[in-house]
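Hello,

Here is the structure I said I would pass on. Please open it beside these notes and check each point as you read.

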Amino acid sequence: MARWSNDLIRSTKHRVVEPPSPKNESGKSEGYPPRYSVAYFCNPNYEAWIEALPGTWEDIEGGKKYDGINSRDYLFSRLSATYIS
């Protein structure tokens, strides 16, 4: 979304934090049952062209922050940056 919106829409910080444990009547911590977290990722069609949408960059000094790229190349570049050292 950041590339399509020229950074007007940015991702939030991703984290899972256990809330404070509730206390029972005697002030003892009761704890929580196990928590599970599931990541969900989606990507556009591999041949989709990703570039800043009209209305997100025309009035900004410097114009588009990112060059256009197809979805496959973008995904491979992100995975390479993350997993290949």
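**What was found**

Ile 84 sits in the segment after α1. Please keep in mind that this is a predicted model. Ile 84 counts as exposed because its relative accessibility is 61%, and exposed means over 50%. It is also part of a nonpolar surface patch, together with Tyr 46, Phe 76, Leu 79 and Tyr 83. The accessible area of these residues together is about 570 Å².

How many aromatic pairs does a search of the whole structure find? The search finds 1. The pair is made by Tyr 46 and Phe 76, and its geometry is edge-to-face. The ring centres are 6.1 Å apart, and the angle between the planes is 65 degrees. This pair links distant parts of the chain: Tyr 46 belongs to the segment before β1 (49–50), while Phe 76 belongs to helix α1 (residues 71–83), 30 residues away. Tyr 46 has 38% relative accessibility, so it counts as partly exposed. Phe 76, at 41%, also counts as partly exposed.

**Overall layout**

The protein has 1 helix and 2 strands, and their order along the sequence is β-β-α. Of the 85 residues, 14% are buried.

One spacing can be checked by hand. Ala 39 and Ile 69 are separated by 30 residues in sequence, and their C-alpha atoms are 25 Å apart in space. Ala 39 is in the segment before β1 and is exposed, with a relative accessible area of 58%.

**Salt bridges**

A search of the whole structure finds 4 salt bridges. One of them joins Asp 7 and Arg 10, with 3.5 Å between the closest N and O atoms. Are these two residues buried or exposed? Asp 7 has 14% relative accessibility and counts as buried, whereas Arg 10 is exposed at 60%.

Asp 7 also forms a salt bridge with Lys 65, at 3.7 Å from N to O. That pair links distant parts of the chain, as Lys 65 is in the loop between β1 and β2 (69–70) and Asp 7 is in the segment before β1, 58 residues apart. Lys 65 is exposed, with a relative accessible area of 51%.

Another salt bridge is between Glu 51 and Lys 64, at 3.2 Å from N to O. Both residues lie in the loop between β1 and β2, 13 residues apart. Glu 51 is partly exposed at 31% relative accessibility, and Lys 64 is partly exposed at 34%. Through shared partners, salt bridges join Asp 7, Arg 10 and Lys 65 into one network.

**A buried serine**

Ser 5 is in the segment before β1. With a relative accessible area of 6%, Ser 5 is buried. Its side chain reaches the backbone oxygen of Met 1 at 2.9 Å. A polar atom of the Ser 5 side chain also lies 2.8 Å from the backbone nitrogen of Ile 9.

Regards

Key:
Residues are numbered from 1 along each chain as its sequence is written. This is a predicted model: local features need pLDDT of at least 70, side-chain atom pairs count only at pLDDT 80 or more; totals for chains, interfaces and linings use all residues. Side-chain values use heavy atoms; hydrogens and water are left out. Rings of Phe, Tyr and Trp (its six-membered ring) pair if their centres lie within 6.5 Å; planes under 30 degrees apart count as stacked, over 60 as edge-to-face and the rest as tilted. Helices (H or I, at least four residues) and strands (E, at least two) are DSSP runs, numbered from the N terminus. Buried means under 20% relative accessible area, exposed over 50%, partly exposed in between (1.4 Å probe, protein chains only). A polar contact is a pair of N or O atoms within 3.5 Å; within protein, one must be able to donate a hydrogen and the other to accept it, and residues adjacent in sequence count only if both atoms are side-chain atoms. Patches are made of residues with over 30% relative accessible area and no salt bridge: like charges are joined within 9 Å, nonpolar side chains (Val, Leu, Ile, Met, Phe, Trp, Tyr) within 5 Å. Accessible areas come from the Shrake-Rupley method with a 1.4 Å probe; for residues, only the protein chains shown count as cover. A salt bridge is a side-chain nitrogen of Lys or Arg within 4 Å of a carboxyl oxygen of Asp or Glu.
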